Amino acid sequence: MRLLFAKSASPHHGFAAFYTYLEFIFKADALLHFGTHGSLEFMPGKQVGMSGSCYPDRLISVIPNLYYYAANNPSEATIAKRRSYASTISYLTPPAENAGLYKGLKELSDLVKSYQGLRENEQRGASIVNSIVATARQCNLDKDIENLPSEEDDMAKKTMDERDDVVGMVYKLLMEIESRALPMGLHQVGVPPSAEESVATLVNIAQLDRPDMGIKSLPRIIAESRGKDIEAVYKGNNDGNLEDVSLVQDITLASRAAVGALVQQSTNAEGRVEEVSALQGVFDFFSGGSVYKKALAECGFDCPDDDLKPLFEYLQVCLGEVVRNNEVPTLLKALDGQFIEPGPGGDPIRNPDVLPTGKNMHALDPNSIPTKAACDVALVVVERLLESLTQQQGELPESIAFTLWGTDNIKTYGESLAQ
């Protein structure tokens with residue numbers, strides 16, 4: 001492995017013979033690499049402007065190099081283009097889904113829900129909190145929660161607010177664990193996504209405010225329907241406030257339900273989304289309202305159409321781009337020697353312009369970052385960072401260092417630069 005990536009080491013004879021065989025014996029018309037990423041583009045030689053003495057140039061020689069590359073990694077795709085003359089064809093990364101809870105953590109979540117229904121009952125509420133503390137310790141959550149009471153502490157002697165604080169801290173950590181993003185398997189080139197995968201992608205797209213487009217995030221719209229500011233709700237959630245932690249969970253479930261209702265209209269009999277239904281507006285007219293508004297109402301949120309309509313029209317467009325089968329046709333065009341349309345790479349959640357995939361990826365204009373959206377996110381992150389450091393150390397730090405990593409700045413359009 002070291003030999004394949006060492007700047008000073010030439011490729012071993014087997015590696016060199018493979019590319020020589022493809023060109024002169026097998027006589028390949030073209031070569032298709034599957035990335036992210038290979039070894040060819042990291043062979044010794046110049047960083048840019050390859051010459052005959054650079055190994056990537058000598059190995060790929062005159063064979064056309066096509067390269068399936070993950071859409072969210074344009075920085076390394078650029079290396080493949082610079083150093084091995086690749087034409088990249090972007091493919092969609094697998095959608096991320098919430099990790100969920102299991103075993104003791106699921107039991108703990110059920111206990112929290114029981115407490116929420118019985119917290120007014122002095123005796124039952126205290127008894128359930130005792131069980132919550134014991135189960136949290138069995139699940140080793142005491143290592144992540146500061147000031148978690150011991151099992152000997154009698155919760156009946158605590159006030160309701162003190163018990164709420166304990167339950168809020170546990171519930172907050174449970175929600176953090178449950179909401180951690182895990183990839184849903186692998187992306188299959190040319191296979192339309194399942195309804196579940198489409199929902200996971202659109203829920204993530206809907207979580208971001210897009211002020212330049214006049215679109216509010218779905219969590220913000222839902223919170224405002226209860227007269228709350230989503231930033232204040234998130235802050236209360238981070239502080240372990242039981243009411244805010246519960247509201248964040250309700251918002252998460254309502255978001256999934258609303259987006260799920262939108263996707264369901266375009267789901268075929270096999271549970272996959274091949275194309276977006278164009279009849280949605282007609283259905284909404286005859287059924288007396290949009291399916292997503294009804295789904296939110298069933299979850300207990302009455303959200304205004306003025307905010308919902310532009311967001312869900314945008315999500316409908318994004319769904320069409322997510323499911324458009326562009327990856328295989330683009331490969332066939334490339335093998336036929338035709339032009340491959342260029343397009344930006346990056347995180348398709350933050351920048352849906354990355355969609356549809358199947359484009360010859362480029363990174364970004366460094367003069368265009370950080371964007372306003374990146375600055376807005378960075379401001380919140382920095383404020384929380386300084387607040388956390390001040391709590392830990394008792395004062396503001398004298399200096400803070402950031403690593404400006406290329407990939408991260410490209411994916412987030414300059415968030416760490418903005419920080």
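Begin by selecting His37, which sits in the loop between β1 (31–34) and α3 (55–60). Keep in mind throughout that the structure on your screen is a predicted model. If you also show Thr36, you can look at the cis peptide bond that joins Thr36 and His37, where omega is about -25°.

For another cis bond, go to the step from Leu355 to Pro356, whose omega is near -10°; Pro356 belongs to the loop between β6 (342–344) and β7 (360–362).

Next, select Lys27, which you will find in the loop between α2 (13–24) and β1. Its phi is near 55°, a positive value in a residue other than glycine, and Lys27 counts as exposed because its relative accessibility is 57%, where the cut-off for exposed is over 50%.

Move on to Tyr85, in the loop between α4 (74–84) and β3 (86–91), where phi is again positive in a residue other than glycine, near 60°. Tyr85 is partly exposed, with 37% relative accessibility.

Asp154 lies in the loop between α6 (122–138) and α7 (160–178) and is partly exposed, at a relative accessible area of 36%.

Finish at Gly414, in the loop between α17 (406–412) and α18 (415–418). Is Gly414 buried or exposed? Gly414 is buried, because its relative accessible area is 0% and buried means under 20%. Leaving aside residues up to four places away in sequence, Gly414 touches Ile369, Pro370, Ala374 and Asn409.

Conventions
Residues numbered from 1 in each chain as written. Predicted model: local features only at pLDDT ≥ 70, side-chain atom pairs only at ≥ 80, totals over all residues. Heavy atoms only, no water. Helix = DSSP H or I, 4+ residues; strand = E, 2+ residues; numbered from the N terminus. Buried < 20%, exposed > 50% of the residue type's maximum accessible area, 1.4 Å probe, protein only. Contact = heavy atoms within 4.5 Å.
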